[in-house]
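Here's a quick look at one protein, written for someone who likes to know the cut-offs. Have the viewer open as you read.

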Amino acid sequence: MMLVVTYDVNTTELAGAKRLRKVAKICEKYGVRVQNSVFEVLVDAAELVVLKSLLSDVIDNENDSVRFYRLGNSYQHKIEVLLVAPRVGA
């Protein structure tokens, strides 16, 4: 199944910056970064359980959040991307 995983890690303290890097590294193992804190992840049910567990072990439940948006198996028709064309001569 395709998921969009987003996260918001409080980085006002040094420990938050470390958590942010750990969360990003975990997500990079499972998916593709599409924006700073947004990943597209293609996993099966067992991999999703592991991914959630790994992220739960890292985040601070009182200051951070991770969201999972399930796009399902027919995700190709649910994703639309608008790209800014490169400027000529820039």
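## Ground rules

This is a predicted model, where local features need pLDDT of at least 70, side-chain atom pairs count only at pLDDT 80 or more, and totals for chains, interfaces and linings use all residues. Residues are numbered from 1 along each chain as its sequence is written, and side-chain values use heavy atoms, with hydrogens and water left out.

## Overall fold

The protein has two helices and four strands, in the order β-α-β-β-α-β from the N terminus. Those are DSSP runs numbered from the N terminus (helices: H or I, at least four residues; strands: E, at least two). Along its principal axes, the C-alpha trace spans about 45 × 35 × 20 Å.

Of the 90 residues, 29% count as buried (under 20% relative accessible area; exposed is over 50%, partly exposed in between; 1.4 Å probe, protein chains only).

## Leu3, on the inside

Leu3 sits in strand E1 (residues 2-8) and counts as buried because its relative accessible area is 0%. Leaving aside neighbours within four places in sequence, Leu3 touches Phe39, Glu40, Val41, Val43, Leu48, Phe68, Tyr69 and Arg70, a contact being heavy atoms within 4.5 Å. Its C-alpha is 5.8 Å from that of Glu40, 37 residues apart along the chain.

## Lys25, on the outside

Lys25 lies in helix H1 (residues 14-30). Why does Lys25 count as exposed? Because its relative accessibility is 54%.
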